[in-house]
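Hi,

Here is the structure I promised to pass on. Please open it alongside this note, and I will walk you through what turned up.

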Amino acid sequence: MRTRARINPLIGIFFLLLSTLLQNVPAFHVESSLVHTRISDYTASSRGRPRLPPPLFASPASESSQNNEFKSETTTANDAYTEQRKLFESLDSSFDYEGRVQSSHQGNNNTSNNKNSIDYNQFHSGYVSVIGAANMGKSTLVNSLLEESLCIATRRPQTTRHAILGILTTNACQLCLLDTPGIIETPAYKLQEGMMEAVQGALKDADVLLVVTDIFSTPIPNDELFARVQKLHAFKPTIVVINKTDLQPHKVNSNSDATDKTSDQNSDDDDDDDNNYYTAAEDGDERLEKTATIPDAVSRWRQYLPDALAILPISAVDGPTNPGVVLLRRILLGGPDVAAAIRDLGRPIPGMFRPGVAFIGDDEARALLPLGPPLYDEDMYTDRSER
Amino acid sequence: MSIVEVIFCFQSYNPFCLFAKPNHNPHSFLASEMIRAALLETFKKELPYCCEVQVTSFKEQPKGSLNPKLIKIEANIFVERDSQKVIVIGKQGSKIKEVGILARTSLEHFFQTKVYLALQVKVDKDWRKKDDKLKKFGYLK
């Protein structure tokens, strides 16, 4: 450890000098890929969020093309943005946390490098933490939001062990979806304690909370974490997802169908007695006493989290085309046309949005993520040269 | 952004980093997750929960080679007990073969190339309860 501490600053300074000299050397480009998994950074967040560089080395060609689209959009909606900016400055305490890269800082830092790149003052980016009890379909939801089978999703509970980051970048915002391990009541061994720490870290990092539950209103089993979510949701935008709506007509304990995996890893050689070992044995009958219809589940969660921005019924197994998934993606990305997606979802359910609010507008949706430069390389989503 | 923060950035994200962890490459992490998914699919009850997968090498073939599109992956599957090792391997390796086929097809689908996958089962006694092992696998800090 001592040698590490001694060597690292030297290496860091060396690369710093190198970077100023060799900015255009391709080998020095920050390694970009579809996924950035930062296991060690999320399991315990003692150091907090890793400080990421702004995309200093983004390729100029892609920048210019993105820039053009950007300019045209920003000039039309400039007034709305200035209003939002004011709003955000009044809210600075809620979005300020350790390691948060401030947009103004970035602007000053990058003047030499990114003069003709995206106007970072108009860019939204942030972390969306997906949390919920085990086997609620968090990974499936993240996969269908990303339209990519990135997180492994099987029909067994506790499949996800690490917090996994998936990135969705558009020309107006960057969405960092943080899939977390399922919350369990009492960690039985050290591994599960580590997994719960990953959840805690994700809660800390979140700009937007995405609480996933199922149609049976399975609550977050850990009281401490649930209390923390209830406390957080008052000042962090929170969206509750009622997953597994496809189970509604059956009213039977057919969890095995609901948590079915998406696309490629699919192989149906599993047997049912195996699947029910963990799910049914624990709470099979008990769960049936809970809510069984979407309106019941919505009102239940409205009681739990009265300030939740929206409570959306979703069937994540249906993939990216499910109306609920489409709506959620549009809300998180800030449009386009959130209202139309809400209409597509069908008849409004009482309690879906906050009392007195009938729907979410594009501007409100866009304001969910804090203003700031992209946290990761913009090419990360589109860079598929290895695929 | 202070100079210290800049140093931190470069340390964790530069390609020449001397202290890179074995799982740091996102692709090899993804590969280990896919192998774990295959384990969850193949085995019943608690067995897959006792397994941990670590990718030891993830190599894309150099451009000039005979089969430029092949990715060679070597991975270790760690189980908690000696008895579990036998179950994971199966009679004459039948189970590990199943796991390998499942994992390989999903890897091939994801990377859109041919994949060579070598799996090895190892015993790491009670790794789920030991701090140092969990740190090694990245669950604790």
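**The sheet in chain B**

In this predicted model, chain B holds an open sheet of three strands with mixed pairing, in the order β1-β2-β3. Its edge strands are β1 (52–60) and β3 (115–123), each pairing on one side only. From one strand to the next, the twist averages 15 degrees.

Strand β2 (residues 71–79) of chain B runs parallel to β3(B), and nine bridges join them. If you want a pair to look at, B:I77 has B:V121 in β3(B) as its bridge partner. Helix α2 (residues 26–42) of chain B packs on the sheet, where it touches β1 and β2 of chain B, and its direction makes about 135 degrees with that of β1(B). Helix α4 (residues 94–111) of chain B lies across β2 and β3 of chain B, at about 140 degrees to β3(B).

**Strand β5 in chain A**

Now to chain A. Strand β5 (residues 238–243) has six of its six residues buried, so it is largely enclosed by the rest of the structure. A:T238, A:V240 and A:I242 point one way from β5(A), while A:I239, A:V241 and A:N243 point the other way.

Strand β4 (residues 208–214) of chain A is joined to β5(A) by six bridges, and the two run parallel; here A:V212 is partnered by A:V241.

Best wishes

Key:
Residues numbered from 1 in each chain as written. Chains lettered and ligands numbered in written order. Predicted model: local features only at pLDDT ≥ 70, side-chain atom pairs only at ≥ 80, totals over all residues. Pairing = 2+ DSSP bridges. Helix = DSSP H or I, 4+ residues; strand = E, 2+ residues; numbered from the N terminus. Axes fitted to C-alpha atoms, helices over the stretch in contact; angles between N-to-C directions. Contact = placed C-beta atoms within 7 Å. Buried ≥ 20, exposed ≤ 12 C-beta atoms within 10 Å, placed from the backbone.
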